[in-house]
Amino acid sequence: MFTIVRPEQKSSSPFLPYDLFAAINDLKRSLNAVILAHYYQDPEIQDIADYIGDSLGLSQQAAGTKADVIVFAGVHFMAETAKILNPDKLVLLPDLEAGCSLADSCPPEEFAKFKAAHPDHLVVSYINCSAEIKAMSDIICTSSNAVKIVSQIPRDQPIIFAPDRNLGRYVMEQTGRELVLWQGSCIVHETFSEKKIAQLLIEHPEAEFIAHPECEPSVLRHANYIGSTTALLSYSQKSSSQAFIVATEPGIIHQMRKEAPSKHFIPAPGNNSCACNECPHMRLNTLEKLYLAMKNQTPSLTLPEDIRVAALRPISRMLEMSG
Ligand code: 13P
Ligand code: SF4
């Protein structure tokens, strides 16, 4: 039996013969595994990870890893991307049910019809989509490189942008280009309340408001800074402000506080009093499930080879275009 010892509680007590952190570290060594975690994971998962990052950073790590086993503490489309890049490696996801509302908002059969209705369009898809959608895309992008990628496409080339309409609108604003948008959205980022954020801005005039581009335009128009999770983290460190209202999944605040303990971070509130700004999919993963996945080497990602090969092409293009 294991006693779960959180990092801050670690002690040399002889009454704690083994702890989950040590057990995971042992498995990491014996499996030659790497743990890649997204910022929206529980703090204790972030604390045991070898690398914590946004979707682009995680894909780059997955593309370059020498490990035999990738333990992906994130959601299904992220682990699936790691598997597309590493067909011969074992890719574990602590909970296979950890999906994504945004990816689910773009069913492959409907998207195929949408694409067929715009035959001369290039398809740029946000990485938050299934392997089937990736296989129908020309280039993948993430929130940190979407503007850069669309800017590299000739201006006379019409583009479909899928599946996130809010990121798509933001890219349109930043590039001054028309994009044909698939009308998908994320349940977490669309839940932020503009009304409550406006109240907070008045209560905390010293705070900067920073937001993820998946948020609704009514929220983004109040933002002092808009960026991917990594960009928000880095902005909060570099800015001279001492307080921030943060409109993205609050898991990122764990890293923000670790890197700037004296600064004040306020999670942006949702429309209800529930914790709806926590991603229910990301939070399905737990440290215990992560340990069991490593111990049992399951659940793991599998996908048909034809889909994998077709989905690899636009991901590789993104990695090349991102530098
Ligand atoms: P990034 O971490 O790439 O900004 O993405 C946020 C997100 O919603 C992931 O699901
Ligand atoms: Fe998907 Fe939104 Fe959760 Fe990210 S935060 S995994 S986009 S549901």
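Biologist: What volume does the second largest cavity have, and how is a cavity to be read?

Modeller: A cavity is a set of points, on a 1 Å grid over the protein atoms alone, where a 1.4 Å probe fits but cannot get out. Grid points are joined across faces, edges and corners, and the volume is the space filled by probe spheres set on the points. In this structure the second largest cavity has a volume of about 50 Å³. The model is predicted, so local features need pLDDT of at least 70 and side-chain atom pairs count only at pLDDT 80 or more, whereas totals for chains, interfaces and linings use all residues. Residues are numbered from 1 along each chain as its sequence is written, chains are lettered from A and ligands numbered from 1 in the order in which they are written, and side-chain values use heavy atoms, with hydrogens and water left out.

Biologist: Which residues line the second largest cavity?

Modeller: Lining residues have an atom within 4 Å of a point. Here they are Ser55, Leu58, Ser59, Ala62, Phe72, Met78, Thr81, Ala82 and Ile127. Helices (H or I, at least four residues) and strands (E, at least two) are DSSP runs, numbered from the N terminus. α3 and α4 each supply at least two residues of this lining, and α3 gives the most, with 4 residues.

Biologist: How many residues of that lining are nonpolar, polar or charged?

Modeller: Ala, Val, Leu, Ile, Met, Phe, Trp, Tyr, Cys and Pro count as nonpolar, Asp, Glu, Lys and Arg as charged, and the others, Gly among them, as polar. The lining of the second largest cavity holds 6 nonpolar, 3 polar and no charged residues.

Biologist: At what angle do α3 and α4 pack?

Modeller: Two packed helices are described by the angle between their axes and the distance between the axes. Axes are lines fitted to C-alpha atoms, for helices over the stretch in contact, and angles run from 0 to 180 degrees between N-to-C directions. Helix α3 (residues 55–64) and helix α4 (residues 76–85) pack at about 30°, with their axes 9 Å apart. The angle makes α3 roughly parallel to α4 (under 35 degrees is roughly parallel, over 145 roughly antiparallel, 65 to 115 roughly perpendicular and the rest oblique).

Biologist: Which residues of α3 and α4 meet?

Modeller: Contact means heavy atoms within 4.5 Å. Ser55, Leu58, Ser59, Ala62 and Ala63 in α3 meet Met78, Thr81, Ala82 and Leu85 in α4. Of the residues in this contact, 6 are nonpolar, 3 polar and none charged.

Biologist: How does α3 pack with α15?

Modeller: The angle between α3 and α15 is about 105°, and their axes are 11 Å apart. That makes α3 roughly perpendicular to α15. Leu56, Ser59, Gln60 and Ala63 in α3 meet Met318, Leu319 and Ser322 in α15. This contact divides into 4 nonpolar, 3 polar and no charged residues.

Biologist: What volume does the largest cavity have, and what lines it?

Modeller: The count comes to 2 cavities of 30 Å³ or more, and the largest has a volume of about 230 Å³. Among its 27 lining residues, the closest to its centre are Tyr40, Asn128, His189, Glu214 and Met282. α3, α4 and α5 (101–104) each supply at least two residues of this lining, which divides into 13 nonpolar, 12 polar and 2 charged.

Notes
1 Å grid on protein atoms, 1.4 Å probe; cavity = no way out; pocket = protein on both sides within 12 Å on 5 of 7 lines; lining within 4 Å.
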